[in-house]
Amino acid sequence: MRGPIIGLGLGLLTMTAACAPDPSRMPESSYQWQQRQDRIEQDWRASQTAPQTTPAPKDKP
């Protein structure tokens with residue numbers, strides 16, 4: 001009796017993993033595209049406003 005129960009559990013686990021969203025897939029709906037574009041723009045803006053870590057060189061008098 002344990003064999004079928006274990007097999008059923010593994011089958012459900014496999015099916016659940018197969019339904020998980022794949023981050024490398026391209027969006028399919030216009031809403032998903034808009035969300036993707038918004039996320040890309042937010043990431044870009046955050047990288048543009050990051051403070052500079054190296055100071056500018058000073059001119060010699």
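Modeller: The discussion below goes from the whole chain to single contacts. Please note that this is a predicted model.

Colleague: How many helices and strands does the protein have?

Modeller: The protein has two helices and zero strands. One of the helices is α2, which spans residues 30-48.

Colleague: What share of the residues counts as buried?

Modeller: Buried means under 20% relative accessible area. Of the 61 residues, 2% fall into that class. The accessible surface of the protein is about 6300 Å², and carbon and sulfur atoms account for 61% of it.

Colleague: Which backbone atoms does the side chain of Gln32 reach?

Modeller: A polar contact is a pair of N or O atoms within 3.5 Å. Gln32 lies in helix α2, and its side chain reaches the backbone nitrogen of Glu28 at 2.7 Å and that of Ser29 at 3.1 Å. Gln32 counts as partly exposed because its relative accessibility is 39%.

Colleague: How many salt bridges does a search of the whole structure find?

Modeller: The search finds two. In one, Glu28 pairs with Arg25, with the closest N and O atoms 2.0 Å apart. Glu28 has 60% relative accessibility and therefore counts as exposed.

Colleague: Which residue forms a salt bridge with Glu41?

Modeller: The partner is Arg45, and the closest N and O atoms are 2.8 Å apart. Glu41 and Arg45 are separated by about one helical turn because they are four residues apart in helix α2. Glu41 is partly exposed at 37% relative accessible area, and Arg45 is partly exposed at 49%.

Methods
Residues are numbered from 1 along each chain as its sequence is written. This is a predicted model: local features need pLDDT of at least 70, side-chain atom pairs count only at pLDDT 80 or more; totals for chains, interfaces and linings use all residues. Side-chain values use heavy atoms; hydrogens and water are left out. Buried means under 20% relative accessible area, exposed over 50%, partly exposed in between (1.4 Å probe, protein chains only). Accessible areas come from the Shrake-Rupley method with a 1.4 Å probe; for residues, only the protein chains shown count as cover. A polar contact is a pair of N or O atoms within 3.5 Å; within protein, one must be able to donate a hydrogen and the other to accept it, and residues adjacent in sequence count only if both atoms are side-chain atoms. A salt bridge is a side-chain nitrogen of Lys or Arg within 4 Å of a carboxyl oxygen of Asp or Glu.
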